[in-house]
Amino acid sequence: MRRPRGAAHRGNPHAEAREIVFDFLEGYDLLGAFWVTVQLTLLSAVGSLIWGTLLAAMRVGPVPLMRGFGTAYVNIVRNIPLTVIILFTSLGLNQTLGISLGAHNFDTINFRLAVLGLIAYTSAFVCEAIRAGINTVPVGQAEAARAIGLSFTQVLTLIVLPQAFRSVVGPLTNVLIALTKNTTVAAAIGVAEAALLMKKMLENEAQLLLISAVFAFGFVCLTLPTGLILGWVGKKVAVKR
Amino acid sequence: MKLRKVTAASAAVLALAVAATACGSGDKDDSGSGGGKKITVGIKFDQPGIGQKTPQGYSGFDVDVAKYVAKKLGYNQDQIEWKESKSADRETMLQRGDVDFIAASYSITPERQEKVDFAGPYLLAHQDVLIRADDSAIKTPADLNSKKLCSVTGSTSAQNVKDKLAPKADLQQYPTYSACLTGLQNKAIDALTTDDSILAGYASQAQFKGKFKLGGFKMTNENYGIGVKKGSDLKDKINKALEDMVSDGSWDKAVQANFGPANYKNEPAPKIGDIKS
């Protein structure tokens, strides 16, 4: 990683100053690393939205076994540190049990394992957010739906969940922002996302504060618009009661 | 009534927390490096053979070197305060003056020399691989290209593998070398790669004796130096101490004691200021 410094921009004092300050960024694929972060976030977000909704349905459903499973899952997974879950997917599932999720090299295996771990963890929070949303739907709605002969699934999918989702856009945004930042834990099993590149740069460049600041800024760029846009969406779709 | 109980309980917790913090900062106060009778040394706490914190105290080659240097600087063993210096924190710790010097498998590189000064080098290490003792498929560095390798996340060794040593190898990165060893034992990973001195330290641990061996490849040169604050007058004194350590035989003894069991063939003690690239 040795490279000549200050060769470009000779003669332009401003460019030269910039080159000295941001010299350490040279030769690193910052955008590529953040792109992996975005992919991790999006795939895990979709996955945990689906699995979290199913869990919420189980927790409010009429079958005691499913209610028990939903409650147990949420309370166990929510209380395990994410690092432990992610490391377990790699050291436990992959290295010890030999599960590779259909991939053949560590880059792909680890990416998929990380998505799996993030979904398992985040869906517990999604479930609780949606359950809170279900509680905001007046009981009369469900009672009226049952009175016209709808089944439990129909009551949930046609009447309750659509209203529930509209009231939990805010809480789900919080979960999504937390998820975006949680993807950094995937560096623990070697997924080449932003936090891993940061470790690499810190190792090479001896610029702790500047490098951390650059990555903090990168994450703000991802999460701030998410918060603003979804905040606006939340207001738009909120059920006026 | 119930509310009052909760309040009382939280007050108690808060008081405990405050007390604990107070203790913490109290400890720090006596350790001020300028205080005269104490010297603060940064080492690794988690690398067997190099620098490790054990229930019995601190052990490892870096620890032995640091103890010798401290003695030459006029400090007894009980006047040394050990601090953990993780790889990413080392420059900052020196610049802030948290530690007087750092001996923590600290390779001398041009980027780091811009930030801190180095005494030494006191050990020439090479990137190498640790493989299962019964593995005969890896004989040359080229064999690594079709193998599963493991190293520490973002470390220089991991980058070397990707960039030049074995670009086609399948590389797994974990936060610690110990995590790599799980896979190495389960045959999910074929080789653990980093500096041979660190590998030798792991292979010398009691629970791994006889299970792993070093490849002996010498893929890169790592010049371990002792980091001091830029412009510090400690540099010359430490260099003098390191020269003494080599000439009176303590250096050889320390190498044997820490790396011996792993069949590690060490390089002769490097000359002060002789940095091999």
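This is a predicted model: local features need pLDDT of at least 70, side-chain atom pairs count only at pLDDT 80 or more; totals for chains, interfaces and linings use all residues.
Chain B has nine helices and 13 strands; helices (H or I, at least four residues) and strands (E, at least two) are DSSP runs, numbered from the N terminus. Local features need pLDDT of at least 70 and side-chain atom pairs count only at pLDDT 80 or more, while totals for chains, interfaces and linings use all residues. Residues are numbered from 1 along each chain as its sequence is written, with chains lettered from A and ligands numbered from 1 in the order in which they are written.

**Confidence in chain A**

- The mean pLDDT of chain A is 89, and 91% of the residues score at least 70; pLDDT is the predictor's confidence in each residue, from 0 to 100.
- Within chain A, confidence is lowest in helix H1 (residues 13-22), with a mean of 60, and highest in helix H3 (residues 64-77), at 96.
- Residues 1-10 of chain A have pLDDT below 50, and this stretch has 11 contacts in the model beyond near neighbours in sequence. Two residues are in contact if their C-beta atoms, placed from the backbone, lie within 7 Å.

**Chain B overall**

- Of the 277 residues of chain B, 43% count as buried. A residue is buried if 20 or more other C-beta atoms lie within 10 Å of its own, exposed if 12 or fewer, and partly exposed in between, with C-beta atoms placed from the backbone.
- Among the contacts in chain B with a separation of 6 or more, 71% are between residues 24 or more positions apart.

**The sheet of chain B and its helices**

- An open sheet of five strands in chain B has the order S5-S1-S6-S13-S7, with mixed pairing. Two strands pair if DSSP finds at least two bridges between them.
- Strand S5 (80-84) and S7 of chain B are at the edges with a single partner strand each, so one side of each has no neighbour in the sheet.
- Helix H2 (residues 61-72) of chain B packs on the sheet and touches strand S1 (39-43), S5, S7 and S13 of chain B; its direction makes about 160 degrees with that of S1(B). Axes are lines fitted to C-alpha atoms, for helices over the stretch in contact, and angles run from 0 to 180 degrees between N-to-C directions.
- Helix H8 (residues 234-247) of chain B also packs on the sheet, where it touches strand S6 (101-102), S7 and S13 of chain B; its direction makes about 30 degrees with that of S7(B).

**Strand S7 of chain B**

- Eight of the nine residues of S7 (residues 117-125) of chain B are buried, so the strand is largely enclosed by the rest of the structure.
- S7(B) runs antiparallel to strand S13 (residues 222-228) of chain B, and six bridges join them.
- Asp117(B) is placed opposite Val228(B) of S13(B).
- Pro121(B) is part of S7 of chain B, and the peptide bond between Gly120(B) and Pro121(B) is cis, with omega about 5 degrees.

**Domains of chain B**

- The domain assignment of chain B gives domain 1 (35-125 + 223-262) and domain 2 (127-214); such bounds come from an automatic or database domain assignment.
- The C-alpha centres of domain 1 and domain 2 of chain B are 25 Å apart.
- Between these domains of chain B, 14 residues of domain 1 are in contact with 13 residues of domain 2.
- On the side of domain 1 of chain B that touches domain 2, strand S2 (46-47), S7 and helix H9 (250-259) of chain B each supply at least two residues.
- This side of domain 1 of chain B has eight nonpolar, five polar and one charged residues. Ala, Val, Leu, Ile, Met, Phe, Trp, Tyr, Cys and Pro count as nonpolar, Asp, Glu, Lys and Arg as charged, and the others, Gly among them, as polar.

**Contacts between the chains**

- 19 residues of chain A are in contact with 23 residues of chain B.
- H4 and helix H9 (194-205) of chain A each supply at least two residues of the side of chain A that touches chain B, and H9(A) gives the largest share, seven residues.
- That side of chain A divides into nine nonpolar, six polar and four charged residues.

**Individual residues**

- Asn94(A) lies in helix H4 (residues 82-96) of chain A and counts as buried, with 24 C-beta neighbours inside 10 Å.
- Beyond its neighbours within four places in sequence, the contacts of Asn94(A) include Ile109(A), Leu113(A) and Ala188(B).
- Leu101(A), in the loop between H4 and helix H5 (106-136) of chain A, has a positive phi near 55 degrees and is partly exposed.
- Ser105(B), in the loop between S6 and helix H4 (110-113) of chain B, has a positive phi near 35 degrees and is buried.
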